[in-house]
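My notes follow in the order I looked things up.

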Amino acid sequence: MSYISNTAAQREAMLKVCGKDSIEALFEGIPPSLRCGELDLPHARSEMELRGFLRDIAARNYSHLTNFMGGGFYDHFIPAAVDAIASRSEFYTAYTPYQPELSQGTLQAIYEYQTQICRLTDMEVANASLYDGGSALCEACQMALNATGRTRIVMDSGINPVYRTMVYTYTANLSIDFKEVAVVHGQSDRQHIVDELNGETAAVILQNPNFFGVIDDHSDIVSRCHERGILVIQSVYPVAMAVLKTPGEIGVDIVTGEGQSLGIPLAFGGPYLGFMATTRKLVRKMPGRLVGRTVDRNGDEAFVLTLQAREQHIRREKATSNICTNEALCALRAHAYLSLLGKHGLKEVARLCRAKAAYAAERLDAIRGVEVMRSNPTFNEFTVRLPIPAGDLIGILIEQDIAPGLPLGRFYKGMGDYLLVAVTEKRTKYEIGMLAEAVEAVLCR
Amino acid sequence: MSIPDNCSYTKTHEWVRIDGDLAVAGITDHAQESLGDITYVELPSSGQRVEQGGELGVIESVKAASDLYAPLSGEVAEANAALADQPELVNESPYERGWLVKLRDVSGDELASLMDAEAYGAFLESEA
């Protein structure tokens with residue numbers, strides 16, 4: 001499908017109707033100060049030159065590092081079949097056509113993706129995807145405000161700090177009374193959270209595992225919230241859902257998360273994948289597109305966009321959100337990834353992540369001066385206290401092609417000596433040993 | 001086209017009827033017919049205050065999603081719970097089983113400002 005909607009001849013005809021002899025003449029009315037003027041573009045390059053140029057830029061990415069960085073985005077293995085499926089030309093446009101039912105294959109893939117997200121989270125409905133985990137959480141906040149007619153949101157400080165910043169930015173022009181509750185020993189402070197609930201509270205936002213890698217069963221907080229008509233939003237790590245108590249099991253109302261771990265490569269700024277799932281009761285408050293399965297007039301199975309009255313192209317000012325698209329290609333990758341691994345495969349990935357992380361924690365904890373925070377159970381990520389600023393250690397290890405983790409001082413005051421270490425199934429015993437030895441060499445020399 | 005004499009009407013095609021202490025409201029036969037098959041009705045909860053001409057809820061049909069407006073100011077005494085599972089009642093019985101809300105504390109002056117059946121019939125003809 002061509003996205004350039006008119007031809008040179010048509011443009012000519014339109015200009016004629018406007019009584020102008022060129023595009024420049026048509027734009028004359030725009031003051032020069034608002035126009036971009038001449039563009040000083042470099043000369044066109046040959047294919048060979050261009051490839052060399054782009055290769056040089058790409059080489060500036062430190063993609064060769066042995067990666068122990070997480071913080072919401074993880075270095076998981078991606079089967080080659082994911083690329084093969086996602087790059088099929090039938091799928092390889094990120095845009096849903098304006099008559100979506102024309103693309104039955106695309107809609108079927110989205111429908112199956114939605115089903116997988118529902119099964120992974122044990123929720124009743126999932127949408128066709130959002131931009132990323134952070135924006136999905138922002139949308140969940142607005143959804144909770146709309147569903148309850150209330151104005152206060154209580155946020156656990158164990159939520160990814162990047163997401164929290166996004167939530168504040170996204171909702172800056174809405175009058176929301178946000179209250180952040182600090183974690184205690186890396187875990188949700190339930191007493192303090194419950195104390196902050198009042199009649200104006202729309203929702204409590206939690207994350208599992210939280211930013212420190214800590215696993216939590218939030219069902220006690222959920223029941224305290226539900227007693228008062230307060231919704232619970234939980235941001236989750238999809239791989240961990242294969243082995244942990246799911247949001248559906250503990251009665252969460254809205255689930256969001258980052259789907260990058262499901263077959264999408266790490267990249268600065270994405271494109272990533274936000275997923276969102278909720279209960280049947282809240283489906284009409286859920287933003288984004290939703291694909292449904294039905295039968296056509298011949299009684300054959302067919303896929304359609306459904307409940308579109310929530311969307312802005314039907315009722316602009318009353319729409320549930322200004323989102324009117326989805327990350328179809330990234331959702332397709334997640335769909336392919338989950339299909340290839342299957343239920344047992346994903347469990348295996350989760351178990352490997354957890355076991356390797358436990359081994360890494362053990363190795364690091366054995367180093368003099370290093371303390372692994374063990375007051376709460378963790379999944380594939382854990383917090384380490386160092387005898388030196390975490391940034392200093394990272395600076396040295398990067399030179400040895402090891403990214404040992406994220407410096408928590410960047411996100412939390414007073415945590416300059418803390419390092420957040422993530423381990424996926426891709427890290428070998430050898431690599432984990434290399435990390436431990438490199439850390440030991442820095443600290444004990 | 002049914003326009004019962006015992007109701008009062010708005011230009012936005014809602015009807016209202018006094019029933020004891022309460023005012024029962026819904027959408028007219030003309031409205032349900034124009035909307036087509038109703039698939040979902042979103043109504044306010046009991047205790048909520050509504051203002052005449054203000055938002056009462058949303059009604060979705062296979063053709064469109066439309067806002068509902070309160071024919072009178074008042075407090076919502078009850079919303080028709082049956083519509084959650086059977087929104088088609090609005091099509092089948094717009095003035096009886098397909099009612100939307102019952103309001104309390106409504107004003108006679110506001111009621112007097114609405115059209116009677118004859119005026120609403122004429123209004124529909126003028127719109128056609």
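I started with helix H13 of chain A, residues 429-443. Its 15 residues should span 21 Å at 1.5 Å a residue, and I find its end C-alpha atoms 21 Å apart, so the two values agree. I keep in mind that this is a predicted model.

Next I asked which residues of H13(A) are buried. I noted Ile432(A), Leu435(A), Ala436(A) and Val439(A). Seen down the axis of H13(A), the buried residues fall within an arc of 95°, so they line one face of the helix. I recalled the general rule: an α-helix has 3.6 residues a turn, so residues three or four places apart point the same way.

What do the buried residues of H13(A) pack against? I listed helix H11 (328-365), helix H12 (390-399) and strand S13 (402-403), which belong to chain A.

**Leu206**

I moved to Leu206(A), which sits in strand S5 of chain A, residues 201-208. Is Leu206(A) buried or exposed? I count it as buried, because it has 26 C-beta neighbours inside 10 Å.

I then looked up its contacts, leaving aside neighbours within four places in sequence. Leu206(A) touches Asp156(A), Ser188(A), His218(A), Ile221(A), Val232(A) and Gln234(A).

I also checked Leu206(A) against Leu273(A). They are 67 residues apart in sequence, and their C-alpha atoms are 19 Å apart in space.

**Domains**

Last, I looked up how chain A is divided. I wrote down domain 1 (8-59), domain 2 (68-76 + 350-443) and domain 3 (80-336). The C-alpha centres of domain 1 and domain 2 of chain A lie 49 Å apart.

How values were computed
Residues numbered from 1 in each chain as written. Chains lettered and ligands numbered in written order. Predicted model: local features only at pLDDT ≥ 70, side-chain atom pairs only at ≥ 80, totals over all residues. Helix = DSSP H or I, 4+ residues; strand = E, 2+ residues; numbered from the N terminus. Buried ≥ 20, exposed ≤ 12 C-beta atoms within 10 Å, placed from the backbone. Contact = placed C-beta atoms within 7 Å. Domains from an automatic or database assignment. Expected span 1.5 Å × (residues − 1). Arc of directions from axis to C-beta.
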